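Trainee: I would like to go through the terms used for this protein and see what stands behind each of them.

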Amino acid sequence: MPDHRYDPNDIEPRWQRVWADERTWEVANPVAGQSQAGEEPKSYVLEMLPYPSGEPHIGHLKVYSVGDAVAHFHRRTGRRVLHPMGYDAFGLPAENHAIKTGQHPRASTDAAIAEFQRQFRNWGISIDWSREFATCDPAYYRWTQWIFNELYRNGLAYRKEAAVKWCPNDQTVLANEQVIDGRCERCGFEVEAKQLEQWMFRITDYADRLLDDLDTIEWPEHVKTMQRNWIGRSEGAEVVFRCEELGIDYPVFTTRPDTLFGATFFVMAPEHPDVERLTAGTGNEDAVRDYVNHALNESNELRGAADKTKTGVFLGRHVVNPVNGEAIPMYVADYVLMEYGTGAIMAVPGHDERDHAFARAFGLPIRRVIEGENPDGDADGLPYAGDGALVNSAREFDGLPNREALEAIVAWLDREGKGHASVNYRLRDWLLSRQRYWGCPIPVVHCGACGIVPVPDDQLPVVLPDVSDYAPKGRSPLAAAEDWVNTTCPTCGGPALRETDTMDTFVDSSWYFLRYCDARNDQAAWDPAILHAWMPVDQYIGGVEHAILHLMYARFFCKALSDLGHIDVQEPFARLFTQGMITKDGAKMSKSRGNVVSPREIVERYGADTARAYILFIGPPDQDADWSDEGLEGVQRFLSRLWRLSAEAAERGAPGPLAGDPAGPDLDLVRKAHWAIEKVTGDLTGRFAFNTAIAAVMELTNEISRLRDDAGAAARRFALETANSLLFPFAPHVAADGYHLLTGERVWEEPWPVADQAYLARDTYELVCQVNGKVRDRVEVAADASGDALEAAALAAPNVVAHVDGHEVVKVVVVPGKLVNVVVR
RNA sequence: GUCGGAAUGGCGGAAUUGGUAGACGCGCUAGGUUGAGGGCCUAGUGAGGGUUUAACCUCAUGGGGGUUCAAGUCCCCCUUCCGACACCA
């Protein structure tokens, strides 16, 4: 027998070439007018698109190993699978690299994309490459701009002055994630707040639908919870407090209108536009101005510290509490946020912890208006946030349970025109402007005569111009491209200036899954009929770090585009799977820690099959897992053994077909094969139990190896074919090779094996015999034995007899197929 | 602080519905093959007790209570770790 050595460096490129040459994983789109009837059901399997930077890391290997296993399983169980790939190619890292080196971001991005492609092909991921694109391709962002126009035309994109984070040294606006501890991540300067006109998407219009439709999708519960918290719907009331001195009404939002009689002061956010005007002429101007300036310059982290002592300044004005006519003092304090509610609150120190702390610091009155226990034993038991009957309120409300009082008070406010029931959200509109170069240009011109004019659809794309200097200078680097900036107004033909801000890269990734469906369409973003055929994504897979932003934005786009009649799905991702992180030595991999595992090195050394199968075998894919080279080698041993067994069997030539009724070792082996089919199929059907599925193939392989000399050639060959067939989704090259050696066939063209129930059923089984819940014996019984027979068999088992002896049998519990429990006293 | 998730041998993990705890892999031990090493093959491997070998017994799923004939699994309390949000009125 010649030496059979498993050599992934031979096997893997060979099959990769076949798949590339034959374009095995490409799927055609449905053709208009042709009936879809009788066709196999579709399955759209998608992993979150990668941001190409440098080369892929181990997290990429994991997400695509998981997705590819799903895609292969779906294909072989009779579905038409769309499994595309692209690149989220606009973004800051490439731009920062350009600032440092002067290299065009396009160049470094293209280089990274080429490396990602090369490695994805080396990993043998079954991608439909005919649909590939990068979000920085003009042929793609042309349609990003079209979507922007559609949203703008329908009032879902608008301009608004908004506070942004500004680095005074780099002279640029920063993204939130570029601000670390209130400082610019690049130069360390303290970040300032700055008011700028910014483009926004009106995602808040969709708050309720984004919340309600979570019930219609199969996502991990914790991701839904995070989205619900992020949307932050709270029910309450808007109550109007009037400043008589200036004749201005100030509505506030409260979830506790039942505590309205306990409001003893009123607080505004430092950003509130009326602060200055309110203070004018009170003598408090300087103190208030100092406080506001200080508050505005303080970092969010510092300002938001929960244990921070309350600060604030009296505005010198009063507002009237609408329920009792009481004039209460107005303060400005940084614990009130301009972004939430109306930027002003009624303060109820008796029943709100924060208001209580403020009142204590400023010596303001604290009034109890809800009865309640005093669990902390504080002198007055305040603040008390629980339920109870109203006290110290109006006669008509005192004594009412507070939840009833809440409704009664809101009804009263409504009648008096001083307030109404109201719903408030934590979710804010999506600020999409970035004063950055490497992003999708916002397709708008500013015309002196016509104002803001979107670039007409037939003039798209607005192509990102080349510039020589990417360094930020207080405005977008695009402003320096004068030939580009100076243009004519599409409406009046007069001179106009292009918008120089670019879009947040989350815009690019909010619709890429739609483009995959019809990626080469140059007449439209997509053909609605084709989109209808593929959407929604049946299985979306990615990191939980995108649980909020990306997934919320994509859902919003879907709903908006659906309202505008462009698509007919409400939710983009019917099922979501979030994979856990791979750590090394218990810690997140990072260059600074020096614990990075490079997929390229691993694949070069062990082969893609070993790397992929190991990552799936290491543990449940939704959990974090620690990388171990020893574990990796264990998986390679397994692949190597299965391949060697396959090669040896193939060499011996084809045996005859499996005899009708295998017996002895043949039967054992055939049974084990059917058991493995059942197990792997179950583990992949609606579950992601790759680790136990691979373990089942290992068990089958162990059995083949164990019975190598006892079982007949036909049974062995059947078991080997089955093992390779089942292994294919996890280690496609070696499984394809083993299967081909054995059968001459292509395993990916074979239907998924189906377990023969006749081989799963056993004539007898081992009955567990317990006495008082403890296992005392095991006896072999007939599969169809009656309950009485099982009870008799158990009571006759030697070690049961020994334990029952001298006791009275009180009860016998019989669970057919499992056990008998004899209860004795 | 609030909301989630988790805790099982020396290690990663399995146990899908309350029904044999520890599948599979790593590691380790012994033996075989080999000039040696590696590789490969075989057997063993939760802890403790027990016998000549067996049998067998006790304990064991972070800790404590409970429900049940039966609990890793269900309920209550506690500890630890991880994640998200964090003055959201």
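**Salt bridges, burial, a helix and a cavity**

Mentor: Start with a network of salt bridges that links Asp213, Arg555, Lys559 and Glu571. This is a predicted model, in which local features need pLDDT of at least 70 and side-chain atom pairs count only at pLDDT 80 or more, while totals for chains, interfaces and linings use all residues. Residues are numbered from 1 along each chain as its sequence is written, and side-chain values use heavy atoms, with hydrogens and water left out.

Trainee: What makes the contact of Arg575 and Glu218 a salt bridge?

Mentor: The term requires a side-chain nitrogen of Lys or Arg within 4 Å of a carboxyl oxygen of Asp or Glu. For Arg575 and Glu218 the N to O distance is 3.3 Å, so the pair meets the definition. A search of the whole structure finds 44 salt bridges.

Trainee: Which parts does the pair Arg575 and Glu218 tie together?

Mentor: Arg575 is in the loop between α17 (549–563) and β25 (576–579), and Glu218 is in the loop between α6 (207–212) and α7 (221–231), so the parts tied together are 357 residues apart in sequence. Helices (H or I, at least four residues) and strands (E, at least two) are DSSP runs, numbered from the N terminus.

Trainee: Why is Asp504 called buried, and what is Arg434 called?

Mentor: Buried means under 20% relative accessible area, exposed over 50%, and partly exposed in between (1.4 Å probe, protein chains only). Asp504 has 6%, so Asp504 is buried; Arg434 has 22%, so Arg434 is partly exposed. The two form a salt bridge, with their closest N and O atoms 3.2 Å apart.

Trainee: How do you know that the buried residues of α9 line one face?

Mentor: The buried residues of α9 are Val288, Tyr291, Val292 and Ala295. Seen down the axis of α9, they fall within an arc of 95 degrees, so they line one face of the helix. The arc is taken from the directions from the helix axis to the C-beta atoms. On the other side of α9, Asp286, Asp290 and His294 are exposed.

Trainee: What is the make-up by class of the lining of the largest cavity?

Mentor: That lining has 4 nonpolar, no polar and 4 charged residues. Ala, Val, Leu, Ile, Met, Phe, Trp, Tyr, Cys and Pro count as nonpolar, Asp, Glu, Lys and Arg as charged, and the others, Gly among them, as polar. A cavity is a set of points on a 1 Å grid over the protein atoms alone where a 1.4 Å probe fits but cannot get out; lining residues have an atom within 4 Å of a point. Among the lining residues are Leu645, Glu648 and Arg716.

How values were computed:
Chains are lettered from A and ligands numbered from 1 in the order in which they are written. On a 1 Å grid over the protein atoms alone, a cavity is a set of points where a 1.4 Å probe fits but cannot get out, and a pocket is an open set with protein on both sides within 12 Å along at least five of seven lines; lining residues have an atom within 4 Å of a point.
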